[in-house]
Amino acid sequence: MVFIETFAYIFVGIILVIFLFIVIITIKHLTSITIIKHPYTFSSSHDKKLKAECVAFAGSFNPPHLGHISLLKALSQKYKIVYAIIGFNPSKYYSVSARVRCEILEKMIQSEGLNNVKVILVNGHIWRAAYANNVTLMFRGIRSWKGDGNDELQLYFLNTVGSMILGFRIPIHTIFLQSSPEFENVSSTLIRSEIKAGHDISHLVPSSCVKLVTEAYS
């Protein structure tokens with residue numbers, strides 16, 4: 001009986017320690033959010049967090065556009081390898097499949113000469129793919145924190161807690177890149193609306209991919 005009680009106390013103690021560890025790490029990540037605005041100078045104040053060779057930029061890219069390409073270009077100039085990760089849920093219906101979006105993004109990257117940017121499709125948790133590809137730093141694009149902050153915080157929280165509970169891994173730090181003023185009004189939603197209305201989208205996507213995007217989303 002004493003042995004059972006002792007074991008129970010030890011077990012509860014371990015659970016509490018794990019819980020406190022998760023809480024502390026989560027708070028640390030959520031209270032140390034880094035937002036880098038255009039122009040992306042990656043100043044010395046960010047150097048400690050920005051030291052990495054292999055990074056990832058995740059999004060739905062539905063469809064990819066000039067804003068995405070602008071951010072990928074900035075990252076490709078800073079890091080050795082950049083993964084553009086397209087996440088998808090196989091049980092969810094998409095009007096344009098992840099595979100087609102992948103092909104469009106690859107064409108855009110090729111047209112811009114971003115040879116160190118690689119596109120990968122991820123079915124499931126983004127953080128699992130990041131660990132599998134030796135990514136040490138994650139990036140997300142935002143138009144403004146005021147407009148996108150709430151959604152990004154929720155996603156950041158889920159990825160932070162999920163990687164610890166489901167993957168038993170320390171979360172990969174995420175840095176937010178704010179779009180340049182030139183592209184702050186560009187969005188995938190806008191492009192889909194413009195195509196539906198029959199409007200030209202040459203000012204929203206690379207010229208070499210206008211036809212490809214229009215046909216995919218018509």
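**Group meeting: a predicted single-chain model**

Let me begin with Phe168: at 72% relative accessibility, Phe168 counts as exposed. This residue sits in the loop that runs between helix H6 (145–165) and strand S6 (174–178). Its phi is positive, about 55°, although Phe168 is not a glycine.

Asn134, which is not a glycine either, has a positive phi of about 60°. Asn134 belongs to the loop between helix H5 (126–132) and strand S5 (137–142), and at 60% relative accessibility it counts as exposed.

I turn now to the chain as a whole. Its secondary structure consists of eight helices and six strands. Read from the N terminus, the order of elements is α-β-α-β-α-β-α-β-α-β-α-β-α-α. Along the principal axes, the C-alpha atoms occupy a box of roughly 75 × 45 × 30 Å. The chain has 218 residues, and 44% of them count as buried. Among contacts with a separation of 6 or more, 78% are between residues 24 or more positions apart.

Which residues touch the most other members of the largest nonpolar core? In this core of 40 residues, they are Leu72, Leu105, Phe139, Ile201, Val205 and Val213. Another core, of 15 residues, lies apart from it; its members include Ala56, Ile120, Val122 and Ala129.

Among the buried residues of H3 are Leu66, Ile69, Leu72 and Leu75.

One of the residues in H3 is Ser76, which at 13% relative accessibility counts as buried. Leaving out residues up to four places away in sequence, Ser76 touches Val82, Leu114, Asn116 and Val117. Between Ser76 and Gln110 there are 13 Å in space, C-alpha to C-alpha, and 34 residues in sequence.

Is His65 buried or exposed? At 6% relative accessibility, His65 counts as buried. Residues up to four places away in sequence aside, His65 touches Met108, Val186, Ser187, Ser188, Ile191, Leu204 and Val205. Val205, for its part, is in contact with Pro64, His65, Leu66, Met108, Ile191, Val210 and Val213, leaving aside its neighbours within four places in sequence.

Finally, the peptide bonds. The loop between S2 and H3 also holds Pro63, which is joined to Asn62 by a cis peptide bond with omega of about 0°. A cis peptide bond also joins His38 and Pro39, again with omega of about 0°. Pro39 is located in the loop between strand S1 (34–36) and helix H2 (47–50).

Methods: Residues numbered from 1 in each chain as written. Predicted model: local features only at pLDDT ≥ 70, side-chain atom pairs only at ≥ 80, totals over all residues. Heavy atoms only, no water. Helix = DSSP H or I, 4+ residues; strand = E, 2+ residues; numbered from the N terminus. Buried < 20%, exposed > 50% of the residue type's maximum accessible area, 1.4 Å probe, protein only. Contact = heavy atoms within 4.5 Å. Core = buried A, V, L, I, M, F, W, Y, C linked by side-chain atoms within 4.5 Å.
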